Amino acid sequence: MRAWVLLSAVLWYLTGVGWQRNSERTEKGFIYGKPGHPVKVYVKLHHNSPVLVCMDFKRAEKETVDPTYLWVGPNEKQLSGSNRINITNTGKLTVKDFLEPLSGLYTCSFSYKTIKAETQEEKIVKQRYDFMIFVNPFAPGWKGTCNESTDCEDTTNHNILQARNRIEEFFRSQAYIFNHDLNKTLPAMHFVDHSFQIVRMDSCRPGFGKNEGLHSNCATCCVVCSPGTFSPDVDVTCQTCISVQIYGAKSCQ
């Protein structure tokens with residue numbers, strides 16, 4: 001996202017979110033799997049993931065006999081309930097307080113029985129669903145800032161311009177008080193009209209970058225750098241480093 005900014009920290013705080021657009025969702029906000037197609041999910045840093053359903057949308061609309069669910073995380077180990085991982089009896093997964101190292105491939109194996117009406121013959125059907133979860137560095141407050149606008153960038157630009165105007169007004173007020181204070185106890189402050197400027201910046205925090213090819217459904221998002229890449233500064237590109245094996249690397253080590 002390109003926005004009017006005073007400091008890069010302001011951009012990190014006010015940037016809008018680009019959510020997954022190619023996944024299947026319901027009114028409850030659940031995200032369903034797609035057989036044979038990994039679903040990309042983008043989670044805000046330090047927030048809970050959406051509810052991932054170990055089932056595709058069409059299957060969920062049908063009756064399921066004796067379903068079983070098995071979730072495997074990015075470390076290829078079976079996931080179970082904990083203070084960070086929540087898995088319901090119906091195969092729904094939520095990851096709490098999402099951090100960079102939690103990014104990666106989450107796989108669910110789903111099996112159920114089918115019964116032929118004529119012969120009562122039972123058959124076990126198995127299906128696998130993959131979810132690629134990435135984290136966005138959006139600080140608390142972005143949603144409250146943007147929830148009344150369809151374009152978060154417009155909202156951000158408006159807020160930054162307001163901040164500029166208020167800073168200008170602050171300096172003018174201080175100059176007025178000084179000029180009318182007979183005791184002259186305030187420090188001298190001088191402000192030249194139109195001397196305060198803002199510039200456009202496009203940046204991501206260290207460990208994050210933008211990649212339209214990899215994240216085409218969230219092209220303007222700052223997304224955690226994948227293994228094999230890193231970003232040491234506020235650039236928008238994750239640089240290649242084959243020795244990096246983690247998400248969100250800030251150096252090539």
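What share of the contacts in the protein with a separation of 6 or more comes from residues 24 or more positions apart? The share is 58%, where contact means heavy atoms within 4.5 Å. The model is a predicted one, in which local features need pLDDT of at least 70 and side-chain atom pairs count only at pLDDT 80 or more, while totals for chains, interfaces and linings use all residues. Residues are numbered from 1 along each chain as its sequence is written, and side-chain values use heavy atoms, with hydrogens and water left out.

The protein holds 4 helices and 15 strands, taken as DSSP runs (H or I, at least four residues, for helices; E, at least two, for strands) and numbered from the N terminus. Of its 253 residues, 38% are buried, that is, under 20% relative accessible area with a 1.4 Å probe and protein chains only.

E4 runs parallel to strand E10 (residues 122–136), with 6 bridges between them; Val39 has Phe131 of E10 as its bridge partner.

Beyond neighbours within four places in sequence, Gly104 is in contact with Pro74, Phe131, Met132, Ile133 and Tyr247. Gly104 is buried, at a relative accessible area of 1%. Val41 lies 63 residues from Gly104 in sequence, yet their C-alpha atoms are 9.9 Å apart in space.

Terms used: Buried < 20%, exposed > 50% of the residue type's maximum accessible area, 1.4 Å probe, protein only. Pairing = 2+ DSSP bridges.
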